[in-house]
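I opened my notebook to record what I could look up in this structure. The entries below follow the order in which I went through it.

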Amino acid sequence: MLAFIARRLLLAIPTLFGVLVVVFLLIYVAPGDPVQEMVGERADAETIARLRAELRLDDPLPVQFAHYLGGVVRGDLGRSYITNRPILGDLLERFPATLRLAGAAMLLAATLGISIGVVTSRFPGGWLDRLALGATYLGISFPVYWVGLILILVFAVQLRWLPPSGAGGVTYIILPALALGSRSIAFLARVTRSAMLDVLGSDMVRTARAKGLGERGVVGRHALSNALIPIITVLGLDFGYYLTGSILTETIFSWPGLGRYVVNAITRRDLPAIQGAVLFLSVVFVLVNLLTDLLYAKADPRVAYD
């Protein structure tokens with residue numbers, strides 16, 4: 001197990017290095033001047049030249065990249081051009097909010113998606129199965145920003161049950177978590193249903209029923225436990241997406257997480273903040289995928305790592 005973890009971490013190094021190179025090059029060839037964003041349009045040429053020299057923006061690109069790479073290796077992602085604060089500190093300050101939102105979305109997706117999938121697999125072809133399949137088609141098709149706006153319109157504006165934006169108690173996280181997890185609920189329901197149908201039609205389940213095991217034991221102990229591999233795969237990938245791709249959700253609901261931080265950095269052309277955020281989120285995604293692989297062995301003892 002330890003050897004497997006070490007190999008995966010070593011293989012992640014070239015991936016993260018490639019992400020760093022691509023983001024660095026894309027940002028530096030993009031139009032606009034970050035110094036102009038910092039000082040405004042009325043700054044004189046001397047001030048602009050001095051700031052560019054201080055920020056090493058006049059150095060050749062290989063020199064700039066080597067300087068930045070050296071800082072990353074030391075755990076220093078640089079300072080924001082706009083706030084002059086350490087970027088790693090800003091990311092760690094906002095990451096718990098994104099983690100709470102991702103955890104709430106995954107809890108909703110796992111609870112609702114798996115429950116719908118298990119129930120519909122028990123009655124394939126029935127009216128409940130057809131209704132659930134239709135609803136999951138809609139859930140997969142609707143974009144997250146549309147779902148978020150509809151939820152705000154219905155539950156915050158019309159019914160006034162929940163706050164439309166911001167962060168606070170439990171009520172503040174319900175709408176953004178539901179919007180972020182809506183697609184996952186639908187997709188997980190379909191994956192669970194398909195996996196359960198395969199297992200319920202297996203010889204193992206028929207043998208369990210022939211031995212007189214109750215239906216609840218057949219579904220829970222035998223069928224669901226043997227259908228966990230695809231379910232864990234979906235949950236792992238979606239949780240990584242929640243952590244790294246919640247920009248639209250956090251923007252719509254004014255959630256103070258990494259998504260809004262990235263949007264603000266892009267809007268203000270804060271190059272070090274963009275680079276640091278992308279690299280940080282890439283590391284998070286790699287770690288989530290590693291954790292997902294480790295969970296396979298817990299869910300299915302037949303999966304072994306050398």
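**Entry 1: Arg 183**

I began with Arg 183, which is partly exposed because its relative accessible area is 42% (buried means under 20% relative accessible area, exposed over 50%, and partly exposed in between, with a 1.4 Å probe and protein chains only). I noted that this is a predicted model, in which local features need pLDDT of at least 70 and side-chain atom pairs count only at pLDDT 80 or more, while totals for chains, interfaces and linings use all residues. Residues are numbered from 1 along each chain as its sequence is written, and side-chain values use heavy atoms, with hydrogens and water left out.

I found Arg 183 in helix α8 (helices are DSSP runs of H or I with at least four residues, strands are runs of E with at least two, and both are numbered from the N terminus). Leaving aside the neighbours within four places in sequence, I listed Gly 139 and Ile 140 as the residues in contact with Arg 183, where contact means heavy atoms within 4.5 Å. I also looked up Ser 141, which is 42 residues from Arg 183 along the chain, and the C-alpha atoms of the two are separated by 7.9 Å.

**Entry 2: The chain as a whole**

I then stepped back to the chain, which has 14 helices and 0 strands. Of its 306 residues, 39% count as buried. Among contacts between residues at least 6 apart in sequence, I noted that 73% join residues at least 24 apart.

**Entry 3: Two helix pairs**

I looked up α7 and α8, whose axes come within 9 Å and cross at roughly 145° (axes are lines fitted to C-alpha atoms, for helices over the stretch in contact, and angles run from 0 to 180 degrees between N-to-C directions). On the α7 side the contact is made by Val 144, Val 147, Gly 148, Leu 151, Phe 155 and Ala 156, and on the α8 side by Leu 175, Leu 178, Ala 179, Leu 180 and Ser 182. Sorted by class, the contact of α7 with α8 has 9 nonpolar, 2 polar and no charged residues (Ala, Val, Leu, Ile, Met, Phe, Trp, Tyr, Cys and Pro count as nonpolar, Asp, Glu, Lys and Arg as charged, and the others, Gly among them, as polar).

I turned next to α5 and helix α6 (residues 127-141), which pack at an angle of about 145° with their axes 8 Å apart. The crossing of α5 and α6 is left-handed. The contact is made by Ile 116, Val 119 and Thr 120 of α5 together with Leu 128, Asp 129 and Ala 132 of α6, and by class it has 4 nonpolar, 1 polar and 1 charged residues.

**Entry 4: Aromatic pairs**

How many aromatic pairs does the structure hold? I counted 4 aromatic pairs (rings of Phe, Tyr and Trp, the last by its six-membered ring, pair if their centres lie within 6.5 Å; planes under 30 degrees apart count as stacked, over 60 as edge-to-face and the rest as tilted). In one of them, the ring centres of Phe 17 and Phe 65 are 6.0 Å apart and the planes stand at 75°, so the pair is edge-to-face. This pair links distant parts of the chain, since Phe 17 is in helix α1 (residues 2-29) and Phe 65 is in helix α4, 48 residues apart. Phe 17 is partly exposed, with a relative accessible area of 40%, and Phe 65 is buried, with 15%.

Phe 142 counts as partly exposed at 33% relative accessibility, and Trp 146 counts as partly exposed at 38%.

**Entry 5: Residues in loops**

I found Ser 80 in the loop between α4 (61-73) and α5 (87-122). Is Ser 80 buried or exposed? Ser 80 is buried, because its relative accessible area is 5%. A polar contact of 2.3 Å joins the side chains of Ser 80 and Asp 270 (a polar contact is a pair of N or O atoms within 3.5 Å; within protein, one must be able to donate a hydrogen and the other to accept it, and residues adjacent in sequence count only if both atoms are side-chain atoms).

How values were computed. A crossing is left-handed if the near helix is turned anticlockwise from the far one by less than a right angle, and right-handed if clockwise.
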